Amino acid sequence: MATVELRFSAVPGHVRTARLVAASVARKAGVDEAVLDEVRLAVGEACSRAVGLHQNSGITAPVRVLLIEDEKQFSIEVGDEAPHPVSGSASGAADDADVEAEEDEMGLAVISGLVDDVEVHTGADGGQIRMTWPTTPPPTVVLP
């Protein structure tokens, strides 16, 4: 199992770099070439979401991305350190919270539409999106 870890400041301009790195590592891991655009888009959406959460919460910690190559699958984990409110919690800025929650749901819907295997975990200490794609093993070469 090989893992690449990427951390970047919560700045929108760094999302493009994360997308390029993710696509490159996915290609090397054996993700089907036809799916690489979906990998790029999903990572871009997940990273943009994490950047927005960090900026809105005033968090200076970096966004973290793990690119994990397993024997038969490739996973990407995008983590943030922004507190995610528990459903039904009261907030002084209810309108802003509603808009942010709606944008968050939209981003997660886009990711779910791009990736078949998605797990989302959120809590008071941050959140994580794990996306997984199957890989094809490299062809075996048979020597005469």
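Select Thr132 to begin, and keep in mind that the model is predicted; this residue has a relative accessible area of 10%, and because anything under 20% counts as buried, Thr132 is buried. Thr132 belongs to strand β5, and if you show its surroundings you will find that it touches Gln73, Phe74, Ser75, Val115 and Asp117, leaving aside residues up to four places away in sequence.

Ser75 lies in strand β3, and it counts as buried because its relative accessibility is 0%. Around Ser75, again without residues up to four places away in sequence, you can pick out contacts with Leu66, Leu67, Ile68, Arg130, Met131 and Thr132.

Now select Met131, which is among the residues touched by Ser75. The contacts of Met131 beyond four places in sequence include Ala42, Val43, Ala46, Phe74, Ile76, Val78 and Ile111. In the largest nonpolar core, which has 30 residues, Met131 is one of those that touch the most other members, together with Phe74, Ile76, Val78 and Trp133. To see where this core comes from, colour the elements that give it two or more residues, namely β1 (2-8), α1 (13-29), α2 (36-57), β2 (63-69), β3 (73-80), α3 (94-114) and β5 (126-134); the largest share, eight residues, comes from α2.

Stay with Met131 and look across to Val118, which stands opposite Met131 in β5. Strand β4, residues 117-123, runs antiparallel to β5 and is joined to it by seven bridges, while a hairpin of two residues connects β4 to β5.

Next, show the strands together as an open sheet of five, with antiparallel pairing and the order β1-β2-β3-β5-β4. Which strands are at the edges? They are β1 and β4, each of which pairs on one side only, and neighbouring strands of the sheet are turned by 10° against each other on average, direction ignored.

Within this sheet, select β2 and β3, which pair in the antiparallel sense over six bridges, and find Leu66, which stands opposite Glu77 in β3. Finally, bring in the helices that pack on the sheet: α1 touches β1, β2 and β3, and its direction makes about 175° with that of β1, whereas α2 touches β1, β2, β3, β4 and β5, and its direction makes about 15° with that of β3.

Conventions
Residues numbered from 1 in each chain as written. Predicted model: local features only at pLDDT ≥ 70, side-chain atom pairs only at ≥ 80, totals over all residues. Heavy atoms only, no water. Core = buried A, V, L, I, M, F, W, Y, C linked by side-chain atoms within 4.5 Å. Buried < 20%, exposed > 50% of the residue type's maximum accessible area, 1.4 Å probe, protein only. Helix = DSSP H or I, 4+ residues; strand = E, 2+ residues; numbered from the N terminus. Contact = heavy atoms within 4.5 Å. Pairing = 2+ DSSP bridges. Axes fitted to C-alpha atoms, helices over the stretch in contact; angles between N-to-C directions.
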